[in-house]
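This briefing covers a two-chain model, one topic at a time. Please keep the sequence and the structure open while reading.

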Amino acid sequence: MPTTAPAFSDATASDSALRRFLHGLPGVDAVGLEARAASLGTRSIKTTAKAYAIDLAISMIDLTTLEGADTPGKVRALAAKAVNPDPTDRTTPRTAAVCVYPDMAATAVAALAGSGVKVASVATAFPAGRAALDVKLADVRDAVAAGVDEIDMVIDRGAFLSGRYLKVYEEILAVKAECARADGTDARLKVIFETGELSTYDNIRRASWLGMMAGADFIKTSTGKVGTNATPANTLLMLEAVRDFRAQTGVQIGVKPAGGIRTSKDAVKFLVLVNETAGEDWLDNHWFRFGASSLLNDLLMQRQKLSTGRYSGPDYVTVD
Amino acid sequence: MASAFEYAPAPESRSVVDIAPSYGLFIDGEFSEAADGKVFKTVSPSSEEVLSEVAQAGAADVDRAVKAARKAFEKWSALPGSERAKYLFRIARIIQERSRELAVLETLDNGKPIRETRDADLPLVAAHFFYYAGWADKLDHAGFGANPRPLGVAGQVIPWNFPLLMLAWKIAPALATGNTVVLKPAETTPLSALFFADICRQAGLPKGVVNILTGYGDAGAALVAHEDVNKVAFTGSTAVGKAIARQVAGTDKKVTLELGGKGANIVFDDAPIDQAVEGIVTGIFFNQGQVCCAGSRLLVQESVQDELLDALKRRLSTLRLGDPLDKNTDIGAINSAEQLARITALAETGEAEGAERWTAPCELPSAGYWFAPTLFTGVTQAHTIARDEIFGPVLSVLSFRTPDEAVAKANNSQYGLSAGIWTEKGSRILAVANKLRAGVVWANTFNKFDPTSPFGGYKESGFGREGGRHGLEAYLDVR
């Protein structure tokens, strides 16, 4: 049974204590945050640094398909791509994981067995999270039973926005408990805030701490299903949160921006944010992920350009 | 900072700028040698490489330039404002078109990072010309009565920290209001002003409206003293500013002085800490701290001091010092050996007086003039480094307990140019800003510039305002 870090037992004792704690976190100046993110976006990453960043970015992708039209065939194709992203160049790193809906989890697990590529499943009535708690927990239980390595849950934004922080906190705790496997290990838990719905940076900082205190292994920006998803600014803010959380507790938490990152240039900018905010300890797919699908092909085209000196084109990368 | 993610060198191309081996003085639309044939060399502070040799103006050249400006004044001031505006708009557009070239040039001659010349200096230079171009035909509505008249010939002396930007601050309002100018750039950074002379020719600006005299302090003094100069505008050290004030006393020259500063950056315990850290870095390490309005005194509330200093030191450890032309460089070179010696001496005084020194871990290049980002803790109002302007990348950290104490300490300075307030509480921003005796007060930001905003000092930081509608007054006969 996961427990709260002792440092926070007072803060989570009641709804009002939790509110006092979260509202006592330093505020975020939106203009300053966005200016800092933009300024780091001007870093010029060339040659060897670019090659390193592209390979790192590929290795950090949670290759994702979350569509009503998903089929086992589609999931198997995606799994094949995750294992072997560029058939013309076997030195290309594998992606970190494949991310699917719970009913596709077993298919993905079978397709990726022994590959080292993880299977992540969204759960908890993704993406809206509007279901009864036992329905959400059953969703998680199914996915864990199917053998997934990671669970991507959504928080109850309605509860968060109405100030019922303890409800959000306890729900994460409950989901975390369902991540436990019979052999004593746990599926890693990614907690999705849907930053576009939380809307303010102060809320994103509070949600980050709330998630980390409740035992999230990763904090994740968004579902990819709303208008505003991962941005450099909200990801920078979450990187500050995991950096500060480790400084305070010694516990390292991962970060996953998801949705809207489509180009290599964008991905490299996010890696610069990681490097200069949380630091190099996070430059590893155990601690940083990209939730993306089309990003991979752009990274592959850039990778081919670096190795051959020529731009190829969309017909030289696989379309699944 | 050693990291798995090492940024490969990303130098901006030097070939976008063509620096001639020698330059003359720009008088009456032509480049010419100094009357006595004297020249001096300008070097790149990051490498000590000689970039070019420029003419060294003397009193005779000053006289010739002022005469050219006087001659041009009659027609220039008689032009309709809408016509003067066309020239200024043209200059602004040419600056934008040539901004990459000018940014590289400025970085070479000054030593500041290309990231700053590209993203701050050059956009602001163009913005200043655009802004004052817009005023040229609207002077009747500027609040100085109908048809306000220009003063005549403006003698302008500018510093080396923002060579082209300071030129823009001086020349744009002067031309918009119908004055003609003789401008002397600093001896360590003459090149961008000479390129600007070329832009004036490219824009078809009438001869003599803008004259550029490269040279040393004696040329500046001769310009200020010239009897046919109607307006003196100076940006630079307080010592020289005082000398100029004495020099023009008893004449009818109109004067604006923009001098030194020891800006207080006040961080309250409810500040947005991460953004405050960025603001402190921008406040004192932008342009290697060689900024008159730098936030060189950090006043931090005692209850968050340790937390803030830890965060600040961690952030300073990520600053990238080195080749100013590299697009990833945050901290460039100090402008001259002389300035480096001054910074070094003041930092040593800080240590000798018992303040605790901390220096960001970074390797300094072997050639050129360099000073690693440094902060001093345990500084009190009695320390020299809390009072004297260092004009370098050195931050003095002081603490306070209450808002009143913060205001008292911030105002306890011979200077009064800039200040910053960091708090999430809006009412505190307004209350504190009203009590600060500083020309510019930034709230939850620092070193933010805009041509629409007036800039200038209290006390020994000077008088008169540059920028905005207020900046017109300095060049109009409104006495």
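Two strands are said to pair if DSSP finds at least two bridges between them. In strand β9 (residues 231-235) of chain B, which pairs with β6(B) in the parallel sense over 4 bridges, B:F234 stands opposite B:V157. Helices (H or I, at least four residues) and strands (E, at least two) are DSSP runs, numbered from the N terminus.

The model is predicted: local features need pLDDT of at least 70, side-chain atom pairs count only at pLDDT 80 or more, and totals for chains, interfaces and linings use all residues. Residues are numbered from 1 along each chain as its sequence is written, while chains are lettered from A and ligands numbered from 1 in the order in which they are written.

**Contact between the chains**

- Chain A puts 24 residues into the contact and chain B puts in 21 residues; two residues are in contact if their C-beta atoms, placed from the backbone, lie within 7 Å.
- On the side of chain A that touches chain B, α2 (30-40), α3 (47-59) and α12 (264-278) of chain A each supply at least two residues.
- The most comes from α3(A), with 5 residues.
- By class, this side of chain A has 10 nonpolar, 7 polar and 7 charged residues. Ala, Val, Leu, Ile, Met, Phe, Trp, Tyr, Cys and Pro count as nonpolar, Asp, Glu, Lys and Arg as charged, and the others, Gly among them, as polar.

- Strand β6 (residues 153-157) of chain B is mostly covered, with 5 of its 5 residues buried. A residue is buried if 20 or more other C-beta atoms lie within 10 Å of its own, exposed if 12 or fewer, and partly exposed in between, with C-beta atoms placed from the backbone.
- Both faces of β6(B) are covered: B:V153, B:G155 and B:V157 are buried on one side, and B:A154 and B:Q156 on the other.
- β6(B) runs parallel to strand β7 (residues 180-184) of chain B, and 5 bridges join them. B:A154 has B:V181 of β7(B) as its bridge partner.
- A right-handed β-α-β unit is made by β6(B), α5(B) and β7(B). A crossover is right-handed if, with the strands pointing away from the viewer, the path from the first strand over the helix to the second runs clockwise.

**Strand β11 of chain B and its neighbours**

- In strand β11 (residues 264-267) of chain B, B:A264 and B:I266 are buried on one side and B:N265 and B:V267 on the other, and both faces are covered.
- β11(B) pairs in the parallel sense with strand β12 (residues 297-301) of chain B over 4 bridges, and B:L298 in β12(B) stands opposite B:N265.
- β11(B) is also joined by 4 bridges to strand β17 (residues 418-422) of chain B, and the two run parallel. B:I421 in β17(B) is the bridge partner of B:I266.
- Helix α9 (residues 273-285) of chain B makes a right-handed β-α-β unit with β11(B) and β12(B).

**Helix α2 of chain B**

- Helix α2 (residues 81-97) of chain B has 17 residues and reaches 24 Å from its first C-alpha to its last, close to the 24 Å expected at 1.5 Å a residue. The expected span is 1.5 Å times one less than the number of residues.
- The buried residues of α2(B) are B:R84, B:A85, B:Y87, B:L88, B:I91, B:A92 and B:I95. They lie on the same side of α2(B) because they cover an arc of only 160 degrees around the axis; the arc is that of the directions from the helix axis to the C-beta atoms.
- B:S82 and B:E83 are exposed on the other side of α2(B).
- The cover over the buried residues of α2(B) includes α3 (99-110), α4 (114-135), α5 (163-176) and α6 (191-202) of chain B.

**Backbone exceptions**

- Most residues other than glycine have a negative phi, and most peptide bonds are trans.
- The peptide bond joining A:F126 and A:P127 is cis, with omega about -5 degrees. A:P127 is found in the loop between β3 (118-122) and α6 (133-145) of chain A.
- B:N147, in the loop between α4 and β6 of chain B, has a positive phi near 50 degrees. B:N147 counts as exposed because it has 8 C-beta neighbours inside 10 Å.
- B:N287, in the loop between α9 and β12 of chain B, has a positive phi of about 60 degrees. B:N287 counts as buried because it has 25 C-beta neighbours inside 10 Å.
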